[in-house]
Amino acid sequence: VSQTVAIIQPGHTVVTDLGRTRGPALGMPVNGALDQHAARVANALVGNRPDAPLLELTAFDFAARPEVDVLIAVTGARAQLTVDDYAEPQWHPVLVRAGQSFAVTHLHEGLRAYVAVFGSFEVPRLLGSCAPDTVLGFGTQVRAGSRLQLLREVPRVIQPELGAPLFLFDVRRPDMTQPLVVDVVDGPDKADFGETVRRLFTDRFRVGRSSNHVGLRFEGDPPVRQTTGEVLSRGVPVGAVEVPAGTEVLVLLRGRGVTAGYPVLGVVSEPGLDILAQVRPGDLVQFRHSTIDEATAQTRRRRAEVDALAGRVQTAFLALDLFSLAHGDDRWSASGTHVPSTSHHI
Amino acid sequence: VARSADRELDWATVHALAAWLTDQPGAVAFSGLIPTYDSLLVEFDPVAATMREVRSVVARGLAELWEHRSRQSVGRHFDVPVVYGGEDGPDLGFVAGLEGWTEEALIAAHTGKTYVIRCYGSPAASPMMDAPDLPVPVPRLKSPRATVPEGVVSLAGRQAVIAPASAPGGWQVIGRTPLVLLNKNAEPLVPYRPGDTLRFRRIGSEEFEARRGEPLEPNS
């Protein structure tokens, strides 16, 4: 039996990870999962490394059929998760038996869902990352009939038919009540906008139609640049808040070109970027002024929660001998691959 | 941002600092290091390092670089054949007109200069260079083209660039090289790096067709 997952309905799905961190120094966008938190949680829930390849679904329904037993976790946007038509919970490890199909449909309260699979996928990497790069034409295609190679299967120790759910991990889900509050710290060119910078925080902004993984456009009354003159091309961070044409606010996301010449009035915090990964055209956003200290503390607190969750999952999986196919420290090997060892096979 | 009176020094400093930071043991904390003309953008994971730690490592890097400032690495040189004008350089006439020059004069200026690759830029490892001395800075297109092919040679502001990959483009396109700059199956992805030098050489359409798809390689 081949260790693959066959794609039945691809929707709009990519195989990605936390991003190509060696890319920006070469003039390539970092790319990777737009909702980094949801991606980290999905991988944590199935015992994977945080940067393991996983699926990112945008807006459309997805269905697949693994040819071996797999453990999956679906996070991100609220959706309907079914395994052979039985509803299963999101933000939770879910067993899918060989030959069963699972579907993630009706994405709402958010735009992107993440599907991590125990052991992750064997996919090509560029500069250490599998994240698609549309400019280079790099990435793993997810089409109807595609088969994604798994690095290992779940050992036959799990018997969910016997009753109660195997795992109970309490995961805090993001609050998607509108208006969504997005924290912004001061950018290097805040002063260029004078007093009008306040408009970013007093007005609410509506997500525009022409938004994608490169950037989000917002309709509203934007701050106005008070200075003129060309800014020499320079690196712009993910999360940069700009007003390029003077008519709308632009927030750059992980697909952004790494250099540009527009003044940067603010930078969205990491938790803020995860919220922006989930907004849809028409959604209302309230930007909130924050500080680097506050944004750092918030990011650290959330990451500590994910680390604690990953720890609990590891403990539970070890107790079930779930890692027995590849026991030991190689789970965290630098290559990110799981090398099966035959000695502990059940 | 480096702000000395010396533009060359600023440029050399931000690139040397980026290289130095890449070699540090804690470099995994950096999620993006982007040196350009006079600035270095350092993106880092706020869980792996604090702002204070990053500031202190940057200060240490600058101090070390200052101590070893005499050490200069020797760059390699590239010759880039280019077909100017026509379909391959649709904006040649516009830019020449703007400068009050003939197309021939603009080509002569563009091929008459040895360029230093200043930094990598968008879309993918593009070699960013200072444009030849032009009377008037070149404006960007009012509405960017949805796609320009790989290999196009363009100008904007006081900058010159070659596009390694096909992408949307707002720069004025004056020509195109048949050579391939980017190989996504190789490491490094592109053969040049900041500090290397480059010259453009005018070719005709026959040589363009003959050399189409050849990889760009440094002069030996």
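A:Ser120 sits in the loop that runs between strand S8 (102-117) and strand S9 (147-149) of chain A. Keep in mind that this is a predicted model.

**Around A:Ser120**
- Is A:Ser120 buried or exposed? A:Ser120 counts as buried, because its relative accessibility is 1%, and the cut-off for buried is under 20%.
- Leaving aside residues up to four places away in sequence, A:Ser120 touches A:Asn48, A:Ala52, A:Pro53, A:Gln149, A:Leu150 and A:Leu151.

**Chain A overall**
- Chain A has four helices and 18 strands.
- Of its 346 residues, 56% count as buried.
- Take the contacts in chain A with a separation of 6 or more: 77% of them come from residues 24 or more positions apart.

**The barrel in chain A**
- Seven strands of chain A close into a barrel, with mixed pairing, in the order S10-S17-S14-S15-S12-S11-S18.
- On average, neighbouring strands of this sheet are turned by 40° against each other, direction ignored.
- S11(A) and S18(A) pair in the antiparallel sense, over two bridges.
- Opposite A:Leu284 in S18(A) stands A:Arg206.

**The open sheet in chain B**
- Chain B has an open sheet of eight strands, again with mixed pairing, and the order is S4-S12-S3-S11-S8-S9-S6-S5.
- S5(B) pairs with strand S6 (residues 126-130) of chain B in the antiparallel sense, over three bridges.
- Within S6(B), B:Met128 is the residue that B:Cys119 stands opposite.
- Helix H3 (residues 92-99) of chain B lies across strand S3 (77-84), strand S8 (152-156) and strand S11 (172-176) of chain B, and it runs at about 120° to S11(B).

**Aromatic pairs**
- How many aromatic pairs are there over all chains? The count comes to seven.
- In one of them, the ring centres of A:Phe205 and A:Phe287 are 5.8 Å apart with the planes at 55°, so this pair is tilted.
- That pair links distant parts of the chain: A:Phe205 is in strand S11 (residues 205-207) of chain A and A:Phe287 is in strand S18 (residues 284-289) of chain A, 82 residues apart.
- A:Phe205 counts as buried at 0% relative accessibility, and A:Phe287 counts as buried at 1%.
- The rings of B:Tyr120 and B:Tyr192 also make a tilted pair, because their centres are 6.1 Å apart and their planes are at 45°.
- This pair links distant parts of the chain too: B:Tyr120 is in strand S5 of chain B, B:Tyr192 is in the loop between S11 and strand S12 (197-202) of chain B, and they are 72 residues apart.
- B:Tyr120 and B:Tyr192 are both buried.
- A:Phe205 and A:Phe287 form one aromatic cluster together with A:Phe218.

**A charge over a ring**
- In chain B, the charged end of B:Arg118 sits over the ring of B:Trp11, at 4.6 Å from the ring centre.

Terms used:
Residues numbered from 1 in each chain as written. Chains lettered and ligands numbered in written order. Predicted model: local features only at pLDDT ≥ 70, side-chain atom pairs only at ≥ 80, totals over all residues. Heavy atoms only, no water. Buried < 20%, exposed > 50% of the residue type's maximum accessible area, 1.4 Å probe, protein only. Contact = heavy atoms within 4.5 Å. Pairing = 2+ DSSP bridges. Axes fitted to C-alpha atoms, helices over the stretch in contact; angles between N-to-C directions. Phe/Tyr/Trp six-rings, centres within 6.5 Å; stacked < 30°, edge-to-face > 60°. Lys NZ or Arg CZ within 6 Å of the ring centre and 35° of its normal.
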